[in-house]
Amino acid sequence: MSDNNIDNKIMDKILDEIIDEAASIAAEDLGKNMPEPETVVFSKEHEEAMRKLFRKERNKLFFKKGLKYSKRAAVFLLAVIVMSGIAVSSVEAWRVRVMNFFIEMSETHSDIRFGGNSAKSDSYTSDEITLGYIPKGFRLEKRDAKGSMVSLAFKGEKDYFVFSKSDITSRIGIDTENASVKKTKINGQEAIYSSNNNVHILVWHDDEFSYTLSGTLEESEIVKIAENTKK
Amino acid sequence: MLLLQIENPDNRLKAERLYEKYRYLMYSEAYKILHDERLAEDAVQQSFIKIINNLHKIDENNCPRTRNFMVIICVNVAKSMCKKRLYLNKRDDLTDDMDAAEITDTGNDPLDILVDKDSVKQIARAIEALNPIYRDVLLLKRAYGYGPKEIAGLLEIPEETVKKRLARARKALSRVLEKEGII
């Protein structure tokens with residue numbers, strides 16, 4: 001390569017960098033120098049079209065997030081099923097397998113902590129939540145927190161359940177296709193109980209938070225856990 | 001199977017916040033081109049369909065830059081609507097050809113470049129003075145970080161045209177800078 005070619009490349013690179021900086025200044029200046037527009041009364045059709053557009057976008061976002069969470073739930077269940085089918089020599093070995101799996105699965109999360117030996121009792125307490133009742137033999141396998149949302153996964157010998165707490169302003173949806181759904185009450189607050197293929201879901205709320213409890217437990221056990229939940 | 005769907009209110013509202021903030025400006029710029037109230041409203045709507053797909057690169061906190069971005073999108077949508085309705089003459093295409101004919105390669109010597117704050121400001125002025133056809137693609141790439149494919153989608157022009165305009169913008173800018181004695 002000739003010296004002249006190298007010089008041209010260096011010059012181009014320098015010029016590119018200067019143009020990048022200058023382009024930012026130009027974009028800023030052009031924005032600053034635009035005249036202030038007059039207030040306009042838009043037509044009803046236009047306002048309705050914009051409302052529809054934003055509503056559509058909200059729904060898209062809603063389903064995108066839903067897909068993300070449902071994929072994670074599906075992977076979690078699949079993993080539990082697969083690992084349950086593997087003959088391992090000790091409970092501790094099984095626990096290590098589960099732990100390793102959670103580490104890989106949750107690496108995109110901001111805060112991951114594992115229960116380890118802390119969940120052997122019949123209750124669970126953390127800064128965010130107290131579960132005053134945990135069925136016998138269940139242990140915390142995973143705690144996942146992001147912002148105001150907390151998710152706790154418990155595993156028993158045969159069954160599992162997942163408890164989630166999120167801000168009341170967040171929207172929570174459950175897939176009720178082919179499921180039996182009924183209204184119930186948890187500590188005087190309205191709740192929805194859904195059951196489908198041996199997976200049961202209970203959703204309820206208080207003034208600040210909404211709660212979801214899902215798993216393979218009996219309805220009476222799910223309700224008991226929910227009724228003994230304290231902030 | 002459990003399907004848990006959680007929506008972040010902040011993300012949800014970004015497009016709406018941008019609309020509230022810039023709708024009058026966008027409408028006014030579109031109206032200057034279309035001279036029709038309904039068409040100007042349509043231009044605002046179509047702009048937002050594009051903007052919604054590129055929300056992640058829009059900085060709400062930088063008002064002048066974002067203001068300029070919203071106007072670039074809306075003005076180009078309005079122009080595109082004009083073209084489609086045969087309101088616009090072939091000026092844009094002719095300008096493309098004329099500028100292409102005028103642009104000549106510059107034999108630059110890197111040692112002659114003097115990079116200081118004043119030079120950068122002079123280059124910024126030169127960018128502002130470029131024909132908007134070139135200025136818009138140049139700013140979308142250099143100031144807002146969009147790639148040719150994304151720009152093509154935003155401005156409703158083929159990707160090849162974006163690349164052509166970027167190359168010509170770069171050459172036109174080099175020529176202006178040479179004339180100004182910056183390089």
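Tutor: We'll take confidence, then a sheet, then a helix pair. Keep in mind that this is a predicted model.

Student: What ipTM and pTM does the predictor give the complex?
Tutor: The ipTM is 0.71 and the pTM is 0.51.

Student: And what pLDDT does chain B average?
Tutor: Chain B averages 77, and 74% of its residues score at least 70. Residues 1-11 of chain B fall below 50, with 44 contacts in the model beyond near neighbours in sequence. Residues 87-91 of chain B are also below 50, and that stretch has four such contacts.

Student: New topic. What is the strand order in the open sheet of chain A?
Tutor: The order is E2-E3-E11, three strands with antiparallel pairing. E2 (124-125) and E11 (229-230) of chain A are the edge strands; each has a single partner strand, so one side of each lacks a neighbour in the sheet.

Student: How many bridges join E3 and E11 in chain A?
Tutor: Two bridges. E3 of chain A covers residues 130-131. A:Thr130 sits opposite A:Lys230 of E11(A).

Student: Now the helices. At what angle do H6 and H7 of chain B pack?
Tutor: About 130°, with the axes 10 Å apart. That angle makes H6(B) oblique to H7(B). The crossing is right-handed.

Student: Which residues make the contact?
Tutor: H6(B) brings B:Asp136, B:Val137, B:Leu140 and B:Lys141. H7(B) brings B:Ile151, B:Leu154 and B:Leu155.

Student: How does that contact split by class?
Tutor: Five residues are nonpolar, two are charged and none is polar.

How values were computed
Residues numbered from 1 in each chain as written. Chains lettered and ligands numbered in written order. Predicted model: local features only at pLDDT ≥ 70, side-chain atom pairs only at ≥ 80, totals over all residues. Pairing = 2+ DSSP bridges. Helix = DSSP H or I, 4+ residues; strand = E, 2+ residues; numbered from the N terminus. Axes fitted to C-alpha atoms, helices over the stretch in contact; angles between N-to-C directions. Parallel < 35°, antiparallel > 145°, perpendicular 65-115°, else oblique. Left-handed = near helix turned anticlockwise from the far one by under 90°. Contact = placed C-beta atoms within 7 Å. Nonpolar A, V, L, I, M, F, W, Y, C, P; charged D, E, K, R; others polar. pLDDT = per-residue confidence, 0-100.
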